[in-house]
Amino acid sequence: MITYRATLDVPRELVCHLSLLLAAERRRLGTRSGSRALTCFAQAVMGLRWFRDRTDRAALGRDHGVSRATAYRYIDEVIDVLADQAPDLHQALRRAVDEGLTHLILDGTVIATDRCAEKTISVKGEPIDVWYSGKARHHGGNIQALSAPCGLPLWVSDVEPG
């Protein structure tokens, strides 16, 4: 096995900000100091590596000296902490009004997936999979986004079936 050092091309301030958010979340959960395998800073680095490079979670866990399951949990926690910072639709619309934007762009897409399946009954009374998109012809989650005229995303919806 060969070991090496790598550089993560994100500002240190971003890692520090994310580690502060993680520390606040740990306090909210009542996590005892020193009871986690990684510090908030190391967890932030691991999460940002996943976002930046889509590094395999098992490899991230191995690189950071934690199990695969812990790597999954830690990255999910990073995603949740960041998602809590996102504005809701009302806040995004208020921001658009406050900034005097003349118009907004609403667009969406179906993100392909093979891990979702949920049966329901169609209007014709037949069983169907709600995560299947007939228009896209594959299983997936529908995500909508609201953007400023310059393309800056203001809001992104939660994922909905196909």
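Me: Where do Glu 25 and Arg 28 lie, and how many residues apart?
Reply: They both sit in helix 1, 3 residues apart, which is about one turn of the helix. (Helices are DSSP runs of H or I with at least four residues, strands are E runs of at least two, and both are numbered from the N terminus.) This is a predicted model, so local features need pLDDT of at least 70 and side-chain atom pairs count only at pLDDT 80 or more, while totals for chains, interfaces and linings use all residues. Residues are numbered from 1 along each chain as its sequence is written, and side-chain values use heavy atoms, leaving out hydrogens and water.

Me: What does Glu 25 form with Arg 28?
Reply: A salt bridge, with the closest N and O atoms 2.8 Å apart. (That term means a side-chain nitrogen of Lys or Arg within 4 Å of a carboxyl oxygen of Asp or Glu.)

Me: Is Glu 25 buried or exposed?
Reply: Glu 25 is buried, at 16% relative accessibility, whereas Arg 28 is exposed at 59%. (Buried is under 20% relative accessible area, exposed is over 50%, and partly exposed is in between, using a 1.4 Å probe and protein chains only.)

Me: How many salt bridges does the structure hold?
Reply: There are 7. One of them pairs Asp 9 with Arg 52, the closest N and O atoms being 2.9 Å apart. Asp 9 is in the segment before helix 1 (12-29) and Arg 52 is in helix 2 (residues 40-53), so this pair ties together parts 43 residues apart in sequence. Arg 52 counts as partly exposed, at 47%.

Me: And which residue does Asp 98 pair with?
Reply: Arg 94, with the closest N and O atoms 4.0 Å apart. Both lie in helix 5 (residues 89-98), 4 residues apart. Asp 98 is exposed, at 57% relative accessibility.

Me: New topic: at what angle do helix 2 and helix 3 cross?
Reply: Roughly 150 degrees, and the axes of helix 2 and helix 3 (residues 57-64) come within 11 Å. (Axes are lines fitted to C-alpha atoms, for helices over the stretch in contact, with angles from 0 to 180 degrees between N-to-C directions.) That makes the two helices roughly antiparallel, a label for angles over 145 degrees.

Me: Which residues make the contact?
Reply: Helix 2 brings Ala 42, Val 45, Met 46, Arg 49 and Trp 50, and helix 3 brings Arg 57, Leu 60, Asp 63 and His 64. (Contact means heavy atoms within 4.5 Å.)

Definitions and conventions:
Angles under 35 degrees count as roughly parallel, over 145 as roughly antiparallel, 65 to 115 as roughly perpendicular and the rest as oblique.
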